[in-house]
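Open the structure in your viewer and keep the selection panel at hand. This tour makes two stops.

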Amino acid sequence: MTTTQTSVVHDLGTLAHRLSHPAGAPCVCELPQVLADRPDGTVVRSGAIVAKAHAADIDREALAARIALAAAPQLSGILLPPLIAPGRSLTAPEPSGGPQHPEPFEPPAPAPRPVTLWPLGAPVDPTDPEAAPWTEAAVLLARLHRTEPPFRLPAMRGPAKAARAVARMRAALPGDPAVLPVLVGWRALPGWARGEVPAPARRAGFLCHGDLHLGQLVRHPAPDGPWLLIDVDDAGTGDPAWDLGRPAAWYAAGLLAPEDWFAFLDAYRSAGGPAVPADGDPWPELDVPARALTVQTAALALAKCAAERRHPDEHEQLMIESCARIATLPPELAADHAS
């Protein structure tokens, strides 16, 4: 860990501890715990408070809108709401006219990275795959997708993240033939799935999470409250099928058991989710997002393996092989689903 990273972690831990610990009370708290430390987000917990330092280059206006979304009454019971510093308030933007993006709480810590505060939730247990809340996640997604955006929001960042993953792979492995199947699969996607143009109008106006996986769910209040979606850094308006793309890709690659996939899909449909038809074949809508997220996962796997000087593990290899299969399909197939 670099000196800068150490400083960020220390400052976040100090902030979370100060806000979770009663002033003047004897301190018997455990040391702050680092939950994540990546360039796009450092997350530290102290007591019941979680502090997150976002990426230094993040669009702060867009982040403000996304934090306001998590605090909006319309999203209660769907998104984990942020904590607001004492004496501060977070006011939702006006539906039309007036300020569109309120400023989230940014305490004077880890500058120049904006910081947000969250209540502690109990995450999915990675050691108990049979208890994974796939049906609960599907219902939350359906509710999210059915909710009218309460104010103007930026576009969902899923396609932009996929493009960033491919760029990271290219930088890590310049000229390496291992990246060719990933690049062929990437080029076969329509422009909107690569973040080059907006999503088709008929699919672009839905409220989306943008980065759905099981790590984005917590129980709140911990340890056995209802499941809620967390991490709104990529949320916004877009194609709701993107939020189903990762589990669809995992199912296609053999990483998600068929019974879990069909339970997820059935729960989403039963809850009125608009990403796929209520019955019949869902793949005409899911094909492009599933391909894009397969490419993204394979690209990140290759970049990480290069950085860590190792071979892909079993799960990474499955996604890379899936990407190679995508590369053998005709590019017009993806183009058929571009609108």
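Start with the largest cavity. Select Gly158, Lys161, Gly210, Asp211, Leu212, Trp242, Asp243, Arg246, Leu293 and Gln296; these residues line the largest cavity. Keep in mind that this is a predicted model.

Now colour by element. Which of them gives the most? Select α6, which supplies three residues.

Next, colour the lining by residue class. Four of its residues are charged, three are polar and three are nonpolar. The space inside the largest cavity comes to about 50 Å³.

Select helix α5, residues 180-187. How do α5 and α8 pack? Their axes lie 10 Å apart, at an angle of about 150°. Angles over 145 degrees count as roughly antiparallel, so α5 is roughly antiparallel to α8. Look along the crossing of α5 and α8: it is left-handed.

Now show side chains at this contact. On the α5 side, pick Val182, Gly185 and Trp186. On the α8 side, pick Val295, Ala298, Ala299 and Leu302, which the α5 residues meet. The contact of α5 with α8 has six nonpolar residues, one polar and no charged.

Finally, show both selections together.

Methods
Residues are numbered from 1 along each chain as its sequence is written. This is a predicted model: local features need pLDDT of at least 70, side-chain atom pairs count only at pLDDT 80 or more; totals for chains, interfaces and linings use all residues. Side-chain values use heavy atoms; hydrogens and water are left out. On a 1 Å grid over the protein atoms alone, a cavity is a set of points where a 1.4 Å probe fits but cannot get out, and a pocket is an open set with protein on both sides within 12 Å along at least five of seven lines; lining residues have an atom within 4 Å of a point. Grid points are joined across faces, edges and corners, and a volume is the space filled by probe spheres set on the points. Helices (H or I, at least four residues) and strands (E, at least two) are DSSP runs, numbered from the N terminus. Ala, Val, Leu, Ile, Met, Phe, Trp, Tyr, Cys and Pro count as nonpolar, Asp, Glu, Lys and Arg as charged, and the others, Gly among them, as polar. Axes are lines fitted to C-alpha atoms, for helices over the stretch in contact, and angles run from 0 to 180 degrees between N-to-C directions. Angles under 35 degrees count as roughly parallel, over 145 as roughly antiparallel, 65 to 115 as roughly perpendicular and the rest as oblique. A crossing is left-handed if the near helix is turned anticlockwise from the far one by less than a right angle, and right-handed if clockwise. Contact means heavy atoms within 4.5 Å.
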